[in-house]
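Here is a short report on side-chain pairs in a protein model. Have the sequence and the 3D view ready as you read.

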Amino acid sequence: MTGIHRRAALALALACAACTPAFAQDAAQVDVGRMWDTFLAKATPEDVNTALDVLDAVDYGLTTVDADKCRANASAVARAQERAPVSVAVQRAALLCAEAVGDHAAAERATTMIAALARQAFRDADRGAWPRPVRIVSPADAYALFASAGFEFKYEMYPQLRPTPYFPLVIAAASQAGVERVVQFDYVDVLQAIDRADAAHGTPRLRMAYAESFVDSAAKREDISAVDVLAVEAALGEDDPAKRVEALRGAARAGGLHAATTWLGVCVGTPFKGCADGLVDALLPLAEARHAYPMMLLATAYLEGVGVTRDQASAEAMLDAADRQWERRGASVSFAGLQSVLHAGQPLAPFLRQRLDAAHAAGNPEARVLAVAIEMERADGKYALSAADEALLADPAHNGTGQGLLKLAAWYEDRDKAVSDRYLKRAAEANNPAALRILAMRLREAEGNRPASAETIAWLEKAANGNDAVAMGYLAWRALEDGKPRRAEDWLMLAGVQGDINAMFFLASLWSGDYKDLSGDAERAVKVYESLAMIEGQGPRARRALAALAIEGRGMPKDLARARAWLTQDAEAGDQDAQVELGARLLGDTLGATDEAAGRKWLERAITAGSVDAMNQYGLWLHNDGKDAADRARGVQLSRQAAEKDDAGALNNLAWMLCTSVHEDVRKPTDGMPYVARLEAIPDLGPGAVDTLAACYAAVGQYPRAVALQQQVVADMRKRAEPDLGNIKEMEARLALYRAGKPYIEQPAKR
């Protein structure tokens, strides 16, 4: 078979499942799944880079190679096939080289590999609603895949800014009949998996780094898909709608589809005079070129009246034209999905339902599922889940990412907890990040203060890599507790970059901690806190953090007056946390001279407002530093009141007082043990709380248990990034007491 005929037969076989040329029988014997498993388990980034370098070495141009360079690099081409056998681009380059030099046997082998890889890829792309993207080693594989199937590239876009865990590259390519097939590909998940030597391996930070590297590199080449996504990122960093649109105009005019989509969304959601100026002009050339997605956007503009007079008839006419270009009426499905974003909570319009029904009849696997999903989100609550709809959402074909199962779990959460939990478990088995995190945190809570199981951590790591910010924060906290601040930053960075408030506060606290090898320092932390202070509802929290840095002189000059002014501002405005912080500091001396009267006033005010933290902190202070027995009694009473709210800090402080107090009227270890039991049920206790547990067990004569717990305290404190040696010595002294069969009784601090 000649090269031209071989490639034509390959394209025919990939375009037509019923067509079976001779090589297709060999392709069917190739276990592509095993090939990918082996590659992901053993390959390295060096393997990929070396293999892809061969493309340049032979002047690979999708349909051409240089025959002389193929001869000179024959061994390198063969090694590339060995090192990256799952790369369609490498196999296609090998095919073209084999044909160029007349090696028919090598050409047949490469053809068989391409056929096997491509058929698997197209099957993966056609797996219903919410599928996982098609795995590739590099974007070159996607273009090679379409070229091998006889499709012509049309356009592409990155629909996301960050990996979640995938970073899809959406490519539209047209068959010889001019009908577009739109496929999502992902290479970031593949590359981060094999980059096992990177310090951030296993965390979302490595995924983010790969995505940013590819986009930045492509943007320097002025690839529109990369310029497009950077424009969207810049736009979303602006609060003013006009500035958002201005950031999007250039990329949209150059053909950026993500920018155009975002621009359209701004003008629908936050319209302003002149918002849509230029949007339709940017879309028209692409629509005139019969590109289906831009035609769909133009139809949306007509329906919404953005940049043109609102006209549903024109919108539907444009959508009909787009459906003729997009296989299985995919334009209507994409249109309905965009409408569900622009008008969240609204019921499915009758004309949209008709279009989705038509797409379903045309064989589109997403159409009916999308209709159900939109109706489930109705704000009026008038949707009733039918057995047929439930079966559709639960179908494994529509749960490549477990999204349908998660929707069912949410639907049943307040209706039938047992059914909800079954769907939640199935969603987790499909690696849905939210489901994994929910179940992992339930398991962690059930484990109490026992060490987290391997299963719990594995689920949380998958959830975090799937962009679940709660899981990222938990794993970051564990890393910091284990003395690994850099690892904590690796877990947090993606959530912080995406603007998750808790992650930003956590990162700033890391950067202000003077740890080594982090990407920020105390000065950067100050800037983050200052930006957080501008966000509605976050000002008091950010100013408390800034006050702490001003008191310590970290990231800014030491300024006690400024710190007190920040805290007083929010305390006077009624912020309970600021009242507690200010009151506690005034009882001490971190704001200058102690002002006991003012400190008591602010804490009493917070207690009156119901602050459990104020009860806890003031209760402990009254016990330790109060004037007399009446103060001590009030302190214990406040601590009991806070402990009844199941506050971990209050349980700890109350147990400590009852077990170790030097005052006979307070120390009642047997009374402390019920609080010890409640404290032990709380997962992930820090060394301070475990120290309390040990002291209480010693106080009631259970010394072996006390010794075991105190050993844990010392070990945990030693693995801190910057262990407090003085505190460790104090913990070791208590350990010696327990070994000697003696309890610990706290002595009052010297004044």
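## Aromatic rings

Rings of Phe, Tyr and Trp (its six-membered ring) pair if their centres lie within 6.5 Å; planes under 30 degrees apart count as stacked, over 60 as edge-to-face and the rest as tilted. This is a predicted model, in which local features need pLDDT of at least 70 and side-chain atom pairs count only at pLDDT 80 or more, while totals for chains, interfaces and linings use all residues. Residues are numbered from 1 along each chain as its sequence is written, and side-chain values use heavy atoms, with hydrogens and water left out.

The ring rule gives 14 aromatic pairs. One of them joins Phe 146 and Phe 151. Their centres are 5.8 Å apart, with 50 degrees between the planes, and the pair is tilted. Phe 146 has a relative accessible area of 3% and is buried (buried means under 20%, exposed over 50%, partly exposed in between, with a 1.4 Å probe and protein chains only). Phe 151 is buried as well, at 16%. Ring pairs also build a cluster from Phe 122, Phe 146, Phe 151 and Phe 185.

How far apart are the ring centres of Tyr 187 and Phe 214? The distance is 4.5 Å, and the planes meet at 50 degrees, so this pair is tilted. Tyr 187 is buried, at 0% relative accessibility. Phe 214 is partly exposed, at 26%.

## Charges over rings

A charge sits over a ring if NZ of Lys or CZ of Arg is within 6 Å of the ring centre and within 35 degrees of the ring normal. Arg 415 places its charged end over the ring of Trp 411, 3.7 Å from the centre.

## Salt bridges

A salt bridge is a side-chain nitrogen of Lys or Arg within 4 Å of a carboxyl oxygen of Asp or Glu. The count by this rule is 52. Take Glu 327 and Arg 181, whose closest N and O atoms are 3.3 Å apart. Glu 327 lies in the loop between helix 17 (312–325) and helix 18 (330–342), and Arg 181 lies in strand 4, so the bridge ties together parts 146 residues apart in sequence. Here helices (H or I, at least four residues) and strands (E, at least two) are DSSP runs, numbered from the N terminus. Glu 327 is buried at 18%, whereas Arg 181 is partly exposed at 22%.

Arg 544 bridges to Asp 577, with the closest N and O atoms 3.8 Å apart. Arg 544 belongs to helix 30 (residues 539–552) and Asp 577 to helix 32 (residues 576–587), 33 residues apart. Asp 577 is partly exposed, at 38%.

Glu 596 and Arg 600 also meet in a salt bridge, 3.1 Å from N to O. These two are four residues apart in helix 33 (residues 596–608), which means about one helical turn separates them. Glu 596 is partly exposed, at 32%. Arg 600 is buried, at 16%. Elsewhere, salt bridges with shared partners join Glu 316, Asp 320, Asp 323, Arg 329 and Arg 355 into one network.

## Ala 231 and its contacts

Ala 231 is part of helix 12 (residues 224–236). At 10% relative accessibility, Ala 231 is buried. Leaving out residues up to four places away in sequence, Ala 231 touches Ala 247, Leu 248 and Ala 251 (contact means heavy atoms within 4.5 Å).
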